[in-house]
Amino acid sequence: MSIGVSCISVLFAGQAQAAPPASCAVITHGGTQSSGHGVSYDSTTVRTPDGGTTLTVKQMHYVAPSGDDTNVQNQADAASLLLVSAMTGHHNAACSDWLQTQGEAVAKGLKAGGTYDLTWSGATIARGTAHVGIGSAHLKLEGSSSAHTSAATLALTGLSFRNVANQELLPSAAHAAFSLPSSELPALMAAIGGKAEQAPAVHVTISNFDAERDSVHLKGNGTATLTGNVNATSASGHLEITELESLIEKARAAKQMKLAAGLVLARLVSHAQGSANVWNTSWQGGVLTVNGFPLPLK
């Protein structure tokens, strides 16, 4: 997606960059407060041109590195757009170039050792009749002037769902810590929000991922090669699930019988580790393989 911004542009320092094209999305802010290296926005709304998908945020706070000469509002808006795309799977080719430009600016700051920190509070994503509530979302990128990679964390809490397929199986909270080459960040941004198939592969190392819902807790780590095309995406690593039986029952209750059958097969080849079932997994060409056994998830 690209963005049309219908509000006052706020500069962190230096010259403002051009606003994103309106053919991507329209973004508005109810109020803006600047302090130090940070800026806060009240009542932010991101809307796709057709009005079919929207993100509303009660408050958003963004901190950029000292001396950054880019448009802080554009960077914060780009991140909000990526949040919408990641949660809904909605891509818009009109956004690709603008997201690539924002990603290049952030990558430059990361290579200089800068840190970018963004928090969304009280957010709701709506697509048609489907709604996803987010109590808070926190994204942090930490660069290095010596290393080629940047560290990142993303935390989502207070997740709730309405009229979403298989919502009984979705987590109420999730957290990820990972790293990726700073130079590959622009391509990742373009892949998530733009025309994904045209983006090159992005290599990510996941040091920790965890998600939970009720008593079910999923944890993992590994490596992944991300693209905008699921058939060209691959990953491998370690996975463990606490209370697997509860997850199987949730899948059956949601009438997801293929998923339930896959989880039963996975249980048969798992290793017990306390109250958790543990596997080594890989994802290649849209197929999940667990301890050497392909699972029928499609």
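Author: A disulfide is a pair of cysteine sulfur atoms within 2.5 Å. This model is predicted, and that cut-off is what we apply to it.

Reader: How many disulfides does the rule give here?

Author: The count is one.

Reader: Which cysteines form the disulfide, and how far apart are their sulfur atoms?

Author: First the general idea. A disulfide is a covalent bond between the sulfur atoms of two cysteines. In this structure the pair is C24 and C95, with sulfur atoms 1.9 Å apart.

Reader: What is the handedness of the disulfide?

Author: Read the torsion about the S-S bond. For C24 and C95 it is about 95 degrees, so the disulfide is right-handed.

Reader: Which parts does the pair tie together?

Author: Look at where each cysteine lies. C24 is in the loop between β1 (4–5) and β2 (26–28). C95 is in the loop between α1 and α2. The pair therefore ties together parts that are 71 residues apart in sequence.

Reader: Is C24 buried or exposed? And C95?

Author: Buried means under 20% relative accessible area. C24 has 0% relative accessibility, so it counts as buried. C95 also has 0%, so C95 counts as buried.

Reader: Next, the helices. At what angle do α1 and α2 cross?

Author: Helix α1 covers residues 72–88 and helix α2 covers residues 96–111. Their axes come within 10 Å and cross at roughly 120 degrees.

Reader: What do we call that orientation?

Author: The perpendicular class runs from 65 to 115 degrees, and the antiparallel class starts over 145. α1 and α2 are therefore oblique to each other. Their crossing is left-handed.

Reader: Which residues meet where α1 contacts α2?

Author: From α1 come N74, Q75, D77, A78, L81 and L82. From α2 come W98, L99, Q102, A105 and V106. By class, this contact has seven nonpolar, three polar and one charged residues.

Reader: Is D214 buried or exposed?

Author: The relative accessible area of D214 is 61%, so D214 is exposed.

Reader: What is phi of E243, and where is its place?

Author: Phi of E243 is near 65 degrees, a positive value in a residue other than glycine. E243 is in the loop between β13 (234–242) and α4 (244–253). With a relative accessible area of 36%, E243 is partly exposed.

Notes: Residues numbered from 1 in each chain as written. Predicted model: local features only at pLDDT ≥ 70, side-chain atom pairs only at ≥ 80, totals over all residues. Heavy atoms only, no water. Axes fitted to C-alpha atoms, helices over the stretch in contact; angles between N-to-C directions. Helix = DSSP H or I, 4+ residues; strand = E, 2+ residues; numbered from the N terminus. Parallel < 35°, antiparallel > 145°, perpendicular 65-115°, else oblique. Left-handed = near helix turned anticlockwise from the far one by under 90°. Contact = heavy atoms within 4.5 Å. Nonpolar A, V, L, I, M, F, W, Y, C, P; charged D, E, K, R; others polar. Buried < 20%, exposed > 50% of the residue type's maximum accessible area, 1.4 Å probe, protein only.
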